[in-house]
Structures are given as C-alpha cells and as structure tokens.
Amino acid sequence: MTIFLWILVALTLILAAGYFFVAIKFRGKKKILNKRTHFIAGAAAVFIITCSLLGIKAIRDTISGANTDTYLALLALEETRDDVAVPHLYEALGKGGYTFQNTCASALLCILNGDMAQATQYLDVVEFEKKQSKQNQQVIAEIRALVENYSSDPQGHRSAFKSAATQTRKTLSITAKDSQRCEEYYDIERDVFAEVYPVEGIEASGDNVSEKIGSYQASYPHDENILRLKVGYNYFLGNPDYAQKLATELVEQEDSLENRALYTDLIAQDLYANHGNTAQIDREDDEAYGYYVKSRQYGQKAEETETKLAAETSEKKREKLNKTLVQQREKEQEYYNKAVYVPGYRAVNYLEIKMGWFGDNTGLCDLARAKLYFAMGQEDKAEKFILRVIDANGHLALDSPLKQVSSSLYTLKKTVTEGGTVDSQKLEKLSRLLVMQGDMSSMPMGSGTLGNAFAQFVSQCILNVEKEGVAASESQGA
C-alpha cells in the first residue's frame, strides 16, 4: 500500500512538472497552449488521480477481505474445525498471500492433519524471513510446542491448540466492526455445520438459526457468504424450492463460477433424488417432453414386437424379433433418460459457458460437472472429471477451496498407483471434505444423500487407480 501511494505521488509530480515545463517552453504560442490544451491536461490529471484512488480503495478492500477470511479461519481452528477453516483460509491466501497470520493458520491446519514436517516448514519461513515482534514470536513458540506434542495426545493439547489459534487471531489488523461481523457470521456458520455435519464435541447453541440468519442479513445485506450458507441450510431443512430461489438470487447478485457451481449443485441434488424408471419428467419443458414422446414411441413399438414374438413359432424369426426388441427397449430407455436429465445437461452447459477462454483454475467447474454426471448415472464421465480435479492440484489457483484437499488426494492416488496402501478413514475424510468444499455451502452429507454417495464414489475412484496399477504390473509380469 505504501509503495503504491509513493508511486501515485511520483506520477502526479512528474505530470505537474512536465506540464509546467511545456508551459514555459511554449509560452506565448497560443496554438499549443490554449484553453482546450489546459482542459485536456486537467482532465488527464483528474483521471489519473481518480483511477489511483479507486485502485487504493480496491487494494484496501482486498486486504480487509483477506483479513476477515483469516479471522474466520482462525475462529474455526480454535474449535479444530478444519472442514470450516480450509475454505476461509484459502480465500485469505488468494487475496493476501502468506502473511504472518495466514502462514501460522496453515501451520495449525497441518498439525490437525498430522503433517508436522510441513507445519515446521511454515514456521521456519515465517520466523526467518524477517524479524518478528515479541507477540509474533510468542505465537510461533506456542505453535512449535504443538508440533512437538500435539500428535501424542490431541485431546490433552486441545486447550493449547485453541490458545495458539486465538493468539494468532489477536495479531490481525482488523477493525472492531469487521471482527464483530466475523464473529456473528461464524456463530451462525458454527450452528449450521453442527446440524448438517455433526462432529463429536461440537454442539449447536440451541438458538433459532433462521432468526439469526435473518438478523445478520438485515445488518449485512450484501454478504454473499451468508446467502450461500442459507441456500444449503434451507435445502437441508427440506425447502428445495426456496433454496433454488436463493441460489438464483445469488447468481443475479454476483455471476461467478462459485455461485453457478452452487446453483447447479441443487440441480444435481434433485436429479439424484429423481432417478430410475419412475423418475418424474417436466412435461411443460418442450425438449424434455419431446424426448419423452420418442421414448413412448419406442415403447409402443417394443410392445408390438412382444405381441408378434408371442405368436411367432419360427425360431429364426423369433431370434430376429428378440434382437429388434432389445434395440427398441434400449432406445426407449435412452430417450427416457434424456427426458429426465435435460436439466443436468443444461447445468453442465451453464457451467462451461462461465469458464470462458482460460478455463477453470479453481477445480470447482470440474467437480460440479462430476457431481452432475454422477447424479445422472454416468459414472465414467464423473470419474474423468474427478481425476482431473485431483491431478490438477498443482495447477489450481491459490485461493481455490479445493487446493489443499486436492493435493492430499493426489498424494493418496500416487501412493496407490505405486502399489502402496492408504488409510481408509483418511481417504473417506478427504473425499467428504472435497465434496463439502465444492458446493461452497452446507449441503447435507448424511446417509442416502447425493453428497454422501458422491463422497464414497470419490474414494472409489482413488481405489480404482490402485486396481489399474496392479493389473498393469501383473500383465507386465506375465
């Protein structure tokens, strides 16, 4: 910020000096120095200064946003809620980079995940890159103590972990208003996640969450985070139509890939719930109804073929009729599936349009497409997009909420490819975390839900890599 201000001052002085020089050099030459010239120069000066001031405001807003994301991440880390902390932390990293607080939060997250070597690396970097204040040094000392002792007794060191996260949070430069807003938001987020993703030791406050959300929105009407949380929470409560309405409003407010991914997640949820031969078809949708009509036409042809087959005595003709019957039934099912899954294919296109020329470096589009194809029963396509998310871990943007979990899953994938074994509980946890962070809200993950089934599918995709690796080595040995 300071450097930017000095650059602005320097540019302004250069502009003023240059114009002053021109005014002296061409003094008396009315054709050059007339009112129009003065007006253009003045307008240029005002334009440069205005743009610079707007740039300063944008930078300040970004820094403020990064600090509030860090604040939220540290509030979650105080309760060892890594599932809540990760999206906030990586939003903060994308906006502000590895500041002291973000690096310490990253180290704390590594400790929770059992990666003490990486936690030590973070602390070494933050300690030696510049001389830290006494307050910062105390924070580093507390986290180093956790690196040494936490894994041996997580429960026994929970208080020390909370203290380290709290002390890190206290070093943040954040206004009292922003800190209050963060704490109000986290209080709601905590209650929502306690209901939707129950974790041992984390209990809901017992307050009316809907009332708390309404009160928060009245105070902060432009906060997108609360609207995303509200979408998932209403779906969890069994209000899918209202959740869809909220998701539509969110996209209208900010047409980002993240918001589109959340919108299409609701479509995937409905597709998963509405599948099979009894699935409902929207007959008011011309495209869906057109496919349905074709499906019924093939169904009627199949019924006619069955009637002929029952009366036919020639074995050769029966064989031909059987073949025709199979083809007709396949076509009937194909068009029926198309009729049911029209919303899914539209949702895929809706995501792909938003990717633009440069593709998606967040992984959210690929994950959303994978979930849509999984909900439509097309597991081969779903697996393709899941593996793209995992294999792209090194190319994902720093502020992608999928970056860390993608990286961890890539490590597991590499292990099984090389013939090693993985901790099934760790794989399951990471798979669930990937799905939870992908919808950017709080979609249900309980038994029988799309989220739970999709998380299991993600785990299976990793295990399928292991089978392929073993098969390859066996064929080489033969």
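This is a predicted model: local features need pLDDT of at least 70, side-chain atom pairs count only at pLDDT 80 or more; totals for chains, interfaces and linings use all residues.
Residues are numbered from 1 along each chain as its sequence is written, and side-chain values use heavy atoms, leaving out hydrogens and water.

I checked Tyr 335 next: it is buried, at 14% relative accessible area. Tyr 298 and Tyr 335 form a stacked aromatic pair, 5.9 Å centre to centre with 10° between the planes (rings of Phe, Tyr and Trp, its six-membered ring, pair if their centres lie within 6.5 Å; planes under 30 degrees apart are stacked, over 60 edge-to-face, the rest tilted). The pair links distant parts of the chain, with Tyr 298 in helix H13 (residues 286-311) and Tyr 335 in helix H14 (residues 315-340), 37 residues apart. Helices are DSSP runs (H or I, at least four residues), numbered from the N terminus.

I then counted ring pairs by this rule and got 14. One of them is Tyr 233 with Phe 236: the ring centres are 6.3 Å apart and the planes at 25°, so this pair is stacked too. Both residues lie in helix H10 (residues 224-236), three residues apart, about one turn of the helix. Tyr 233 is buried at 5% relative accessible area, whereas Phe 236 is partly exposed at 29%.

Last, I noted a cluster in which ring pairs link Tyr 272, Phe 374, Phe 454 and Phe 457.

Terms used. Helices (H or I, at least four residues) and strands (E, at least two) are DSSP runs, numbered from the N terminus. Buried means under 20% relative accessible area, exposed over 50%, partly exposed in between (1.4 Å probe, protein chains only).
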